[in-house]
Amino acid sequence: MGSLVKKLKREIKRRKREFENARDARVKKTYRSNGGTITVRPEAWVIRGSEAYEEVFRREQADSFKTNIKTKKMYSLVSQAKDWFLELQLRSEKYTFNNMLAVVNPFGEAPLTALVLFTTLMDYGVRVTVEGDTEDTSFISEYPPAKRHRIPILGLYPGRSTDVVIELLDENGQVCDNRRFPLITESLPEDLKDIITVKKKNDQAAFKNILIAGGIDIKPCVFDKEGQIRYYLRRKPKGYGIFPLSKGRFLFMEREISAPSFTNPHSVQMYDMDYLGRVGKTYLVKNGAHHTVEEKTPGGNILTAGNSLEEHSEDLILELNRENGEIVHQIKLGDLFDETYQDMMDWAHINSASYDEEQDSMLVSMRNIHSVASFDWNLDEIRWLFADPRFWEGTKMADKLLKPVGEVPWFYQQHAVFEVELEEKRQDIKHIMVFDNHWHKRRKVKFFDKDKLSYISFYEINEKEKTVKLYKRFSCPKSKIRSNAIFDKDTRHLYAMAGSLVPEIEGSLGLVREYDFDSMEVLSEYYVKPGFFRAHEFLPDMVSLSKTLVKNTDYLGGDLKRPQRLAEDEAEGLDFQDAPGVKDSSVFYRMQEDLLYIHEMDHAIGAVYLRGNEGVWKVDFSDTWQTMKTFEEADYRIAMWLDQLPLDQYELYILLHGELQNTGKKLTKQK
């Protein structure tokens, strides 16, 4: 009876949602401007209209299962269908410069965005101004001449009306016509209200807008010089946040879909997204990815940190093929370092990795050994090691160390180590920027100086002579973990992005501080109440956002755990007949196409069994165990890929807290 009531409630909820979508899809507002009209439609209109086009973009394997498990559509599929629906509206030529269409938050992921569509009889360029409260907080963008115009709008204010001005430009860049109209958005969610405090503004700031790209208690968001939120994503990613890529895209790590590990469960599902909220590729990383994402080269392969799970976590550097998500190269740090510090599960803790194409080398920060290394990416060798020499004294690694020249202040539990261009290039000379948290909780060292500040330190490295010396050092309030720094070579300004202050400053955990690099003067300062992981300049590629998505029915790539067929004697040893039903309320189930997810408390599920007519299949999750109390109460969804299962009918069982239990869920592989 209880299950029937639950089923009825779910059905009522589903029908209510469908009714609300149908109702909202009919909503439209019309504004008159300069003799023309602007029709504004909501996201529900796009949802409703795009459903008919999902078949065009669906993976061949997408409908291979029938199941009583709740299913959810892939973001990659939904994005393409919505984008195509909007493209068809444009191609219909129903909407012209005198009768524009505007859709607020068309892809449902970025509430302070919109898309404006119209056609013109001749090729015109377009200039768009999203008006700010002050002149220098306006978002201004231009687009090349065309007859069909897809105009992305970013920078709308939350919970109010924002004026948008669209101008047509002739071949000489002169304004031929214009339209001004308001767009209204919903209020900020509670967790983003009043989180930015402006302490000092700089009219000549290097960055007009700052992107907060991670943190435990904050969604990715953007604030302007006035401290106003002008962009945010509706969903939180993993605490590492989002990672900007080229052409206005970023990588989003799923917060709730992770792989169990010996320490922190890490995201196994990531999206290649843009700032309108469109998802292109979905990448799967079987053992989880974490902490850092960079493009190997602009538009090229993805670099991230991973886990060997060979009794260690956070110890791999991975290169993922941009097209199919496959791991094309990796370095396991345990193979290149001696055993001196491989004495805990998270012994290395990689938190940044960036590639030098000229040298085919990788610069990597390893927090838990207070070290930075340059690796030969082709030969899988350490080129040099950069750390306090006392840390490696008497070990086999000592001969890899850079030799200090003069007095060199050392870093401890550093983050975000990158090469920077401080001056004209000289042969064999590199300049390295380190956010020195100056903390040693994870691996204490007896020679730690107990300095109460953190630092952004710049070092000059002579690779030929294998030496290092201090170039310049900036102090900032103590940020015990996370954080990064950015040097802008055009303005010679430096940003300290201190994401985890201790103690808090005026109730805030985060600090964004801008310096003049040469004078070291503090130019601007903002406090971020919830703190963050990293922060960046907000640089959306508006022209790329104005393009349609390229049709892609192969939008899922990478690798996940897959079911393995059990031998007959092993299958016969499992008592499926008397397995009790699952009563643990923390366990629930979802499917996206041929991916199965089961929500659990950390390491509660040791195995997943699919009992078919032709055999029993197992996905093993007993290969790791939790070693840190911090993560014992973590809850997330484990994931498995069912694409290689043979055609059959299956019943789903799980090994929960060491006991075989019947989920009551059934799956039929039909094609």
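Which residues line the second largest cavity?

Modeller: Keep in mind that this is a predicted model. The second largest cavity is lined by Ser258, Ala259, Pro260, Val268, Lys286, Leu560, Lys561, Phe621, Ile638 and Ala639. Two elements give two or more residues each to that lining: β15 (258-259) and β41 (635-641). Sort the lining of the second largest cavity by class and you get 7 nonpolar, 1 polar and 2 charged residues. The space in there comes to about 50 Å³.

To put that in context, rolling a probe the size of a water molecule over the atoms shows where empty space is left. Searching the whole structure turns up 3 cavities of 30 Å³ or more. The largest cavity holds about 70 Å³ of space. Around the largest cavity you'll find Ala205, Phe207, Lys208, Ile210, Phe223, Asp224, Lys225, Tyr495, Val512, Glu514, Ser524 and Tyr526. Here β32 (510-516) and β33 (522-528) each put at least two residues into the lining. By class, the lining of the largest cavity splits into 7 nonpolar, 1 polar and 4 charged residues.

Follow the chain to the loop between β31 (493-498) and β32 and you come to Pro503. The peptide bond joining Val502 and Pro503 is cis, with omega about 0 degrees.

Two other loops have a backbone detail to check on your screen. Gln413 sits in the loop between β25 (403-404) and β26 (415-420). Gln413 isn't a glycine, yet its phi is positive, about 50 degrees. Its relative accessible area is 1%, so Gln413 counts as buried. Then there's Ser483, in the loop between β29 (467-477) and β30 (484-488). Ser483 isn't a glycine either, and it has a positive phi of about 85 degrees. With a relative accessible area of 1%, Ser483 is buried too.

Now zoom out to the whole protein chain. It has 8 helices and 43 strands. Its radius of gyration is 27 Å, close to the 26 Å that the globule rule gives for 671 residues, so the chain is as compact as a globular protein of that length. The C-alpha trace spans about 80 × 70 × 45 Å along its principal axes. Of the 671 residues, 59% count as buried. Take the contacts between residues at least 6 apart in sequence, and 62% of them join residues at least 24 apart.

Note on methods: Residues numbered from 1 in each chain as written. Predicted model: local features only at pLDDT ≥ 70, side-chain atom pairs only at ≥ 80, totals over all residues. Heavy atoms only, no water. 1 Å grid on protein atoms, 1.4 Å probe; cavity = no way out; pocket = protein on both sides within 12 Å on 5 of 7 lines; lining within 4 Å. Points joined across faces, edges and corners; volume = space filled by probe spheres on them. Helix = DSSP H or I, 4+ residues; strand = E, 2+ residues; numbered from the N terminus. Nonpolar A, V, L, I, M, F, W, Y, C, P; charged D, E, K, R; others polar. Rg over C-alpha atoms; globule rule 2.2 N^0.38 Å. Buried < 20%, exposed > 50% of the residue type's maximum accessible area, 1.4 Å probe, protein only. Contact = heavy atoms within 4.5 Å.
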